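Let's take a friendly walk through some strands of a protein model. Have a look at the structure below, and then read on.

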Amino acid sequence: MPVTLVHPGNESVPQAAAPPPRLASLSGKKLGLLDISKPGGSLFLDRLEKILRERYGVSEVVRAQKPTFAKNAPAPVIEQLRSMDAVIEALAD
Amino acid sequence: MQQLQNLPAIPGYQPGKKALLVFFETDCPTCQLALPYLNALAEDSEDTVQVIGISQDGDQPTREFIRQMGISFGVHLDQGLALSRAYDPQSVPTIIFLDEAGQVQKTLTGFDKAGLNDLAAAVGHAAIAPDNDGAPAWKPGCSSRHLEPQTPDAVGEETTGGRQLLRRIGEPASRITIREEAEAEEDPVEFCFRHFGDALPVVPPTVERVGAMLQACALAPESVVGRIPPCYGEATVEKIAANAVMAGCRPEMMRVLIPLVRAVCDERFNAHGVQATTHFAAPLIMINGPVRQELGFWSRQNVFSNVARANSTLGRALQLILLNLGGARPDGIDMSALGNSGKFSFCIAENEEESPWEPLHVERGLRREQSALSLFAAEPPRGVSEHSAPNGETVLRAVCHALATVWSYRMCGRNEAIVVLCPEHVKTLHRDGFSKPQVRQFLFENTGIPVRYYSGRDHGEGTQLVSLYREIMVQGEPCYRKFRAPEAIQIFVAGGTAGKFSAVLGSWGTGPAGSQMVTYPIPDK
């Protein structure tokens with residue numbers, strides 16, 4: 001005899017977003033660096049920013065920071081980075 | 001006071017009657033949270049107040065908003081944002097309360113439970129926004145459309161295309177038909193184990209078993225009780241019941257499961273972080289009040305163990321809900337480095353009968369006769385043995401040494417702890433005149449990390465923050481204070497009457513930037 005079960009899981013279908021086109025070069029591009037507020041994150045990003053500017057010719061770097069790594073980035077932080085050509089989100093410990 | 005004269009006419013507005021003008025956007029999460037609360041006012045107080053929604057979006061997304069959110073009052077489309085420009089709300093939702101003369105009496109911005117209840121009182125209605133329904137007390141809104149740059153006249157036509165809003169009524173759960181034959185893959189237990197399990201066999205959530213759970217709950221099966229982080233699956237009553245069946249819960253446990261789901265979705269608890277961290281944290285459920293006897297929650301020997309069906313199945317049901325609706329699977333998004341055996345089940349009850357002090361829920365503001373649950377993002381328990389203490393102070397010093405190692409031995413001020421005191425230790429403390437606040441104060445003042453641990457070049461976790469630490473003396477030794485305040489230490493009395501073993505459970509990150517303990521009342525039988 002067949003058994004009928006009530007589906008106990010999440011049945012919503014996630015909406016996938018296509019990744020943006022890859023950058024052919026970093027030269028002259030605007031880059032966002034997002035510090036998630038883990039200890040050491042700013043040290044890592046300072047070094048990264050220097051390399052991006054000196055070696056890769058990145059024209060502009062915008063630094064943004066989440067108030068806490070334990071929660072999603074609030075809307076104003078996302079807004080700061082919306083106009084960037086690319087964003088690097090850094091995890092550190 | 002702003003007059004209604006010289007303002008654009010509002011279709012449906014009846015002069016001479018109180019009115020609430022509710023400006024909203026369809027894609028604003030705060031509007032989605034706030035507007036359904038006004039249904040009760042619109043339905044019950046139709047004769048005294050008119051509730052008029054004013055949508056800043058186009059026809060299609062507004063229709064979809066009304067349908068998904070179950071809005072029962074009239075909604076007007078603000079063509080060209082003329083009304084928005086005239087009333088000039090800075091953000092949405094904004095509720096403007098007009099008296100009978102059309103004068104603005106009050107303006108409420110964002111989601112604000114106290115403000116909503118004040119509005120309800122102003123029109124002679126009972127409170128419409130209860131404290132413990134899982135929603136925050138306050139949440140800011142989004143910027144009003146007329147203040148957005150380059151706002152076209154026909155705004156928001158595409159904003160909700162196919163998107164699921166924060167609706168209050170979800171879809172019925174789909175049905176899965178399985179033929180009960182000899183093949184393992186068609187055995188219902190095996191099927192559930194593979195798709196919806198916690199690495200242990202579960203009770204298949206048949207339509208009949210789930211139906212019995214639903215019989216024990218006054219809410220409609222499709223009511224959305226919460227959205228479970230981190231993937232935010234809708235926890236309808238029916239889905240909660242299905243997971244509870246799988247965990248082995250009895251139907252009467254539904255009265256605990258509904259507030260439990262609200263508590264775990266409470267933004268203060270921050271289940272999003274708790275479920276995805278690399279740390280050990282798992283939600284520890286602490287039960288207080290008469291529900292312990294009514295449903296058989298165990299508070300005595302082996303309180304953290306596999307001792308009572310109520311504790312084991314409620315803790316397991318929460319974990320299955322977190323897995324199946326929240327999506328933080330331990331081989332996926334849940335990134336805990338070592339995990340926590342509490343992720344099978346983590347539920348204890350307070351041994352109020354062996355405690356001379358106020359139980360936890362009373363300290364948290366509830367009546368003793370009110371059943372309650374509290375949730376804390378906890379590490380596994382670490383034992384504190386003290387069988388030879390001549391007095392209460394010696395017992396507490398043993399607890400202090402365990403507290404000093406919470407999170408990491410040189411990290412101070414960032415963490416909290418639950419101290420589970422066993423009845424024998426409580427008896428000694430009570431005999432020596434310690435009240436519960438005095439126990440907490442003693443632990444706060446006497447838990448310190450020796451300053452010498454921070455000297456030299458031995459840097460490590462916690463040493464970089466030393467400039468923030470407060471120096472104190474503990475038994476003649478200069479130390480840094482471990483906890484930021486006495487309130488960072490919660491006392492819970494549990495365990496058997498034989499054996500002088502207490503326990504300390506450290507926290508994950510605490511405060512508004514981490515996870516805060518939440519306490520929810522459990523409705524009476």
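## A strand with two partners

In β22(B), Val420(B) has Ala503(B) as its bridge partner. This model is predicted: local features need pLDDT of at least 70, side-chain atom pairs count only at pLDDT 80 or more, and totals for chains, interfaces and linings use all residues. Residues are numbered from 1 along each chain as its sequence is written, while chains are lettered from A and ligands numbered from 1 in the order in which they are written.

Strands here are DSSP runs (E, at least two residues), numbered from the N terminus, and two of them pair if DSSP finds at least two bridges between them. β17(B) pairs with β22 (residues 501-506) of chain B in the antiparallel sense, over four bridges. With β21 (residues 489-493) of chain B, β17(B) runs parallel, joined by five bridges. There, Leu421(B) stands opposite Val493(B).

## Buried on both faces

Is β17(B) buried or exposed? Five of its five residues (417-421) are buried, so β17(B) is largely enclosed by the rest of the structure. Buried means that 20 or more other C-beta atoms, placed from the backbone, lie within 10 Å of a residue's own. Ala417(B), Val419(B) and Leu421(B) cover one side, with Ile418(B) and Val420(B) on the other.

## A three-stranded sheet

Elsewhere in chain B, an open antiparallel sheet has the strand order β18-β20-β19. β18 (448-450) and β19 (471-474) of chain B are at the edges with a single partner strand each, so one side of each has no neighbour in the sheet.

β18(B) and β20 (residues 477-481) of chain B share three bridges, and Gly448(B) stands opposite Arg481(B).

Conventions
A residue is buried if 20 or more other C-beta atoms lie within 10 Å of its own, exposed if 12 or fewer, and partly exposed in between; C-beta atoms are placed from the backbone.
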